[in-house]
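Hi everyone, thanks for coming. I'd like to walk you through one protein today, so let me put the sequence and the model up on the screen.

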Amino acid sequence: MKPRQLLTGGALACACATVLFVYQRHERDELLQRASTPEPLAAQRQEPAPAPEPTPPIRLREARVEAAVPPPLAPGPTAPEPASPPRDSAVTPPPSPVSTAQLRQRLEAYFGDEPFDPAWARSAEQHAKDGVRAALPDPSQLRSVECRGSLCRIETEHGDSEQSLTFVQAAFMDPKRQVWNAAFVTVRGEDSTDDRIVTVTYLAREGVELPMERLLSPGTDDTQAFQ
């Protein structure tokens, strides 16, 4: 019985070893097949993330600010420029004021053209003599008095200019001692010297005005002054 049992047991052990070898070989072959067969890349590594789409460049828009420009003002009327005299034309200087000699000459001409009024002339001459003598300072003296229709010519002599001025103020400007209240013009006589001042006064009739504008107007044409 024992040899048969041992044989049976040995056979079983050999069968088990064969099965185990076959199983292990089969398992090894499977592992080798797996190792030799490349697996998909997706199983071994992760696919890289898709690259982000490029962002389009930002374009800066030019901002244009247009300010409203007011319309130009219409040109207003301009004053005309004064016409300049031609260069070749001579510039006329302003007339010079009347001189003492011219005024004396004009007064003589105006008095000489006076019509004669005998009645008024005689009364006026006497009145003028009395008033002038009362106003004369010492040693001034009266030379002459001559009257016509509306104007008297009174000539006096004085030691200096101060006496001459005192006489004119007292005789023709002072209300208390004036000859009469009327218009008058006094000029220095032509024959005056350093130690003797001659004054000639033209005294108008009361209510009569002297032509002072023509007497004092500038110019040299005295022949037409009182025409």
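Let's start at Phe167. Leaving aside residues up to four places away in sequence, Phe167 touches Val132, Ala135, Leu136, Pro137, Thr156, His158 and Phe172. Please keep in mind that this is a predicted model.

Phe167 also turns up in the largest nonpolar core, which has 21 residues. Which residues have the most contacts inside that core? They are Ile154, Phe167, Phe172, Val179 and Trp180. Helix α4 (118–135), strand β1 (141–147), strand β2 and helix α5 (161–172) each supply at least two of the core residues. The largest share, six residues, comes from α4. As general background, nonpolar side chains in soluble globular proteins tend to be buried together.

Now over to one of the Phe167 neighbours, Thr156. Thr156 sits in strand β2, which covers residues 151–158. Is Thr156 buried or exposed? Its relative accessible area is 0%, so Thr156 counts as buried. What does its side chain pair with in there? There is a polar contact of 2.6 Å with the side chain of Thr199, and the side chains of Thr156 and His158 make another polar contact, at 2.9 Å. Among the residues that Thr156 touches beyond four places in sequence are Val132, Leu136, Phe167 and Ile197.

Next, the charged groups. The structure holds seven salt bridges, and I'll pick out a few. One of them joins the side chains of Asp117 and Arg205, at 3.4 Å from N to O. Asp117 is in the loop between α3 and α4, and Arg205 is in the loop between β4 (197–204) and α6 (212–215), so this pair ties together parts that are 88 residues apart in sequence. Both ends are partly exposed: Asp117 has a relative accessible area of 26%, and Arg205 is at 28% relative accessibility.

Then have a look at Arg143. Its side chain meets that of Glu155 in a salt bridge, 2.9 Å from N to O. This pair links distant parts of the chain, with Arg143 in strand β1 and Glu155 in strand β2, 12 residues apart. Arg143 also forms a salt bridge with the side chain of Glu157, at 3.2 Å from N to O. Glu157 is in strand β2 as well, so this second pair ties together parts that are 14 residues apart in sequence. As for accessibility, Arg143 counts as partly exposed at 31%, while Glu155 at 12% counts as buried, and Glu157 is buried with a relative accessible area of 15%. Through shared partners, salt bridges join Glu108, Arg143, Arg153, Glu155, Glu157 and Asp191 into one network.

Arg104 is buried yet has no salt bridge. Which side chain of opposite charge is nearest? That is Glu190, 4.9 Å away, and the cut-off for a salt bridge here is 4 Å. The Arg104 side chain does reach the backbone oxygen of Arg188, at 2.9 Å. Setting aside sequence neighbours up to four places away, Arg104 touches Arg188, Gly189 and Glu190.

On to Asp160, in the loop between β2 and α5. Asp160 counts as partly exposed, at 33% relative accessibility. A polar atom of its side chain lies 2.8 Å from the backbone nitrogen of Gln163. Asp160 and Arg196 are 36 residues apart in sequence, but their C-alpha atoms are 6.2 Å apart in space.

The structure also holds one disulfide. It joins Cys147 to Cys152, with 2.0 Å from S to S. The link is right-handed, with 110° about the S-S bond, and both cysteines are buried.

Let me finish with the overall picture. The protein has six helices and four strands, and along the sequence they follow the pattern α-α-α-α-β-β-α-β-β-α. Of the 227 residues, 26% are buried. Among contacts between residues at least 6 apart in sequence, 63% join residues at least 24 apart.

Technical notes:
Residues are numbered from 1 along each chain as its sequence is written. This is a predicted model: local features need pLDDT of at least 70, side-chain atom pairs count only at pLDDT 80 or more; totals for chains, interfaces and linings use all residues. Side-chain values use heavy atoms; hydrogens and water are left out. Buried means under 20% relative accessible area, exposed over 50%, partly exposed in between (1.4 Å probe, protein chains only). A polar contact is a pair of N or O atoms within 3.5 Å; within protein, one must be able to donate a hydrogen and the other to accept it, and residues adjacent in sequence count only if both atoms are side-chain atoms. Contact means heavy atoms within 4.5 Å. Lys and Arg count as positive and Asp and Glu as negative; His and the chain ends are not counted. A disulfide is a pair of cysteine sulfur atoms within 2.5 Å. A nonpolar core is a set of buried Ala, Val, Leu, Ile, Met, Phe, Trp, Tyr and Cys residues joined through side-chain atoms within 4.5 Å.
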